[in-house]
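Trainee: I am new to this structure and would like to know what stands behind the terms used for it. Could we go through them one at a time?

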Amino acid sequence: MAGVLACSPLYVQAGEARDGSHDFDFEADGPDGHWEGATLFVYNTKAKQWSQTYIDGDSGEMESPTVGSFKDGRGEFFGTAVYKGGTVLARGVWSDIKPNSHRFEISCSRDGGRTWATAFKADLTRLK
């Protein structure tokens, strides 16, 4: 799947993003058709954690946020999601983070995190 991801800082004050919060808008085309949406990242300075919320471009629905942090070049975010009528544990992992690229993967668990099934993978590279 090929696509475009645009990043914009939020809460801009005096020309700088005040708390590191960002919005990522994206469009992608693949075997299953065209896909559009947005991801909202907000940093909670008191908890020292990020939240990530996905907004579907077709329905306008917001998924429940995942919450986590970055440590040693890896970010892990956890939350819940509805899958086939049931609630599952959701995990988003940001890894292989470099100045111009990173990997993002979403996995779901039906057994409380003992096992994970990959639902989405993306290798992202900054265009110059």
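Trainee: What makes E7 and E8 a hairpin, and what is the phi of Asp-72 in the turn?
Mentor: This is a predicted model, and in it E7 and E8 form a hairpin with two residues between them. Asp-72 in the turn has a positive phi of about 55°.

Trainee: How do you know that E7 and E8 pair?
Mentor: Pairing needs at least two bridges. E7 and strand E8 (residues 74-83) have five bridges, so they count as paired, in the antiparallel sense. One of the bridges links Ser-69 with Glu-76 in E8.

Trainee: Which strand does E7 join through three bridges?
Mentor: Strand E6 (residues 49-56) is joined to E7 (residues 66-71) by three bridges, and the two run antiparallel. Trp-50 stands opposite Gly-68 in E7.

Trainee: Which residues form the largest nonpolar core?
Mentor: The largest nonpolar core has five residues, namely Phe-41, Trp-50, Phe-77, Trp-94 and Phe-104. Beyond four places in sequence, the contacts of Trp-94 include Phe-41, Phe-77 and Phe-104. Gln-52, Phe-70 and His-102 are also among them.

Trainee: Why is Ser-109 called buried?
Mentor: Buried means under 20% relative accessible area. Ser-109 has 2% relative accessibility, so it counts as buried. Ser-109 lies in strand E10 (residues 101-109).

Trainee: What makes the approach of the Ser-109 side chain to the side chain of Asp-111 a polar contact?
Mentor: The cut-off for a pair of N or O atoms is 3.5 Å. The side chains of Ser-109 and Asp-111 are 2.7 Å apart at this contact, so the pair falls within that cut-off. The side chain of Ser-109 also reaches the backbone nitrogen of Gly-113, at 2.8 Å. Leaving aside neighbours within four places in sequence, Ser-109 is in contact with Val-88, Leu-89, Arg-114, Thr-115 and Trp-116.

Trainee: How many helices and strands does the protein have?
Mentor: The protein has zero helices and 11 strands. Buried residues make up 23% of its 128 residues.

Note on methods
Residues are numbered from 1 along each chain as its sequence is written. This is a predicted model: local features need pLDDT of at least 70, side-chain atom pairs count only at pLDDT 80 or more; totals for chains, interfaces and linings use all residues. Side-chain values use heavy atoms; hydrogens and water are left out. A nonpolar core is a set of buried Ala, Val, Leu, Ile, Met, Phe, Trp, Tyr and Cys residues joined through side-chain atoms within 4.5 Å. Buried means under 20% relative accessible area, exposed over 50%, partly exposed in between (1.4 Å probe, protein chains only). Contact means heavy atoms within 4.5 Å. Helices (H or I, at least four residues) and strands (E, at least two) are DSSP runs, numbered from the N terminus. A polar contact is a pair of N or O atoms within 3.5 Å; within protein, one must be able to donate a hydrogen and the other to accept it, and residues adjacent in sequence count only if both atoms are side-chain atoms.
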